[in-house]
Amino acid sequence: MTQTQTAAIEPPTIEDYFKSMGLTLPALPGTLRDQLEPMFPIVYGSRTALSAYPYDLAAFVEEVEQGDAEDYVLIGQNGR
């Protein structure tokens, strides 16, 4: 590898991330758990894209109120 090349850093799996914090992943439906992928640093989800940043809760409430929400999982951390 040359100085201009950088190795891709793979984010930890959600299970490894929780384990590093001394936690276990909460029980989730199997199909949704299997779909969890890193989306942003310290944010994992079962969707391929989000309509809002994970901490914009109003957008997700609106989605449910409009009847547009399908089952999904979104797990993240904000702050320190």
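User: Why is Tyr17 called buried?

Analyst: Tyr17 has a relative accessible area of 15%. Buried means under 20%, exposed over 50%, and partly exposed in between, with a 1.4 Å probe and protein chains only. The value for Tyr17 is 15%, so Tyr17 counts as buried. This is a predicted model: local features need pLDDT of at least 70, side-chain atom pairs count only at pLDDT 80 or more, and totals for chains, interfaces and linings use all residues. Residues are numbered from 1 along each chain as its sequence is written, and side-chain values use heavy atoms, with hydrogens and water left out.

User: What makes Tyr44 buried or exposed?

Analyst: Its relative accessible area is 4%. That is under 20%, so Tyr44 is buried.

User: Why is Ile42 called partly exposed?

Analyst: Ile42 has 35% relative accessibility. That value lies between 20% and 50%, so the label is partly exposed. Ile42 sits in the loop between E1 and E2. Its phi is near 60°, a positive value in a residue other than glycine.

User: How do you know that the Tyr17 and Tyr44 rings form a pair, and what makes the pair tilted?

Analyst: Rings of Phe, Tyr and Trp (its six-membered ring) pair if their centres lie within 6.5 Å; planes under 30 degrees apart count as stacked, over 60 as edge-to-face, the rest as tilted. The search of the whole structure finds five aromatic pairs. Tyr17 and Tyr44 are 6.3 Å centre to centre, with 35° between the planes. The distance is within 6.5 Å and the angle lies between 30 and 60 degrees, so this is a tilted pair. The partners are 27 residues apart, with Tyr17 in helix H1 (residues 14–20) and Tyr44 in strand E2. Ring pairs link Tyr17, Phe18 and Tyr44 into a cluster.

User: How do you know that E1 and E2 pair?

Analyst: Strands (E, at least two residues) and helices (H or I, at least four) are DSSP runs, numbered from the N terminus. Two strands pair if DSSP finds at least two bridges between them. Three bridges join E1 (residues 37–40) to E2 (residues 43–45), so the strands pair. They run antiparallel. Pro38 has Tyr44 in E2 as its bridge partner.

User: What makes E1 and E3 edge strands?

Analyst: The open sheet has three strands in the order E1-E2-E3. E1 and E3 (74–76) each pair on one side only.

User: Why does the charged end of Arg47 count as sitting over the ring of Tyr72?

Analyst: The rule asks for NZ of Lys or CZ of Arg within 6 Å of the ring centre and within 35 degrees of the ring normal. The charged end of Arg47 is 3.8 Å from the centre of the Tyr72 ring.
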